[in-house]
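Here is my note for your first read-through. Keep the model open beside it and find each residue as you go.

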Amino acid sequence: MKKTLIFLTMAVSIFLTSCGDDAWDYDHSLEHVYYYGLCNEAYPGGNEKVYTVAQGSTVEVPTQFWSAFTRSYSPTVYYYTSPVPDAEPQLVCGTDYVVVDANGNQLTPDANGAYSMTWPNAVAGIQNVYIKALNGQTGSIRVLTFDPTKEMDNTNVESTVIVRTDEYEVRAFTENYYVTVNIE
């Protein structure tokens, strides 16, 4: 009995020592790698989230930035809108809908069609993209956290990079990078 008690004491001691914070390590090369995606209740699962907006109204599409740290820099990410492939009619930004800020001011994309969003001090959180229907045609568009002219490959992490700077890298998810907005 005494030997069993000594053995149990030693086993518990070894277990508790090995579970301390000091024993855990991680890949430090990934300290400045973040993820940006869309809030999707069914994640993982795909790009099945659909929002609906009436003509003349605005819909909020929440996006999320994943981070475990607070940094001295503020990462900028990009999001896009595009027609749903093969849908008819093909809705046009500026004619059928616009992207606006929280106050309703129209935003202008850069030359590549990207809208920027900044995450102060790399703090994790949620920010909304706002799509306003302009009393144009009805149909569907996509809001994407990844350039629609590029292709992602779930076997190639490099293909998921949204932005890379000397300070940080932000990646998209291969399953959760777009939602559909139906304009009625």
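1. Start with a definition. A residue is buried under 20% relative accessible area, exposed over 50%, and partly exposed in between (1.4 Å probe, protein chains only). At 47% relative accessibility, Glu-158 therefore counts as partly exposed.

2. Know your source. This model is predicted: local features need pLDDT of at least 70, side-chain atom pairs count only at pLDDT 80 or more, and totals for chains, interfaces and linings use all residues. Numbering starts from 1 along each chain as its sequence is written, and side-chain values use heavy atoms, with hydrogens and water left out.

3. Salt bridges. Such a bridge puts a side-chain nitrogen of Lys or Arg within 4 Å of a carboxyl oxygen of Asp or Glu. The whole structure has four. Glu-158 pairs with Arg-164, with the closest N and O atoms 2.8 Å apart. Arg-164 is partly exposed, at 46% relative accessible area. Glu-169 and Arg-171 meet at 2.6 Å, N to O, and both are buried. Shared partners join Glu-158, Arg-164, Glu-169 and Arg-171 into one network.

4. Another salt bridge joins Arg-71 to Glu-31 (4.0 Å, N to O). The two residues are 40 apart in the chain: Arg-71 lies in the loop between strand E3 (58-66) and E4, and Glu-31 in the loop between helix H1 (2-18) and strand E1 (33-38). Helices (H or I, at least four residues) and strands (E, at least two) are DSSP runs, numbered from the N terminus. Both Arg-71 and Glu-31 are buried.

5. The sheet. Five strands form an open sheet in the order E2-E11-E8-E4-E6, with mixed pairing. Strands pair if DSSP finds at least two bridges between them. Which strands sit at the edges? They are E2 (50-53) and E6 (115-118), each pairing on one side only. Inside the sheet, E4 (residues 76-83) and E8 (residues 139-144) run antiparallel, joined by four bridges. Ser-82 has Arg-142 in E8 as its bridge partner.

6. Two loop residues. Ser-159 sits between E8 and strand E9 (161-164). Is Ser-159 buried or exposed? Ser-159 is buried, because its relative accessible area is 14%. Its side chain reaches the backbone oxygen of Asn-156 at 2.7 Å. Leu-107 lies in the loop between strand E5 (97-100) and E6. Leu-107 is partly exposed, with a relative accessible area of 28%.

Technical notes:
A polar contact is a pair of N or O atoms within 3.5 Å; within protein, one must be able to donate a hydrogen and the other to accept it, and residues adjacent in sequence count only if both atoms are side-chain atoms.
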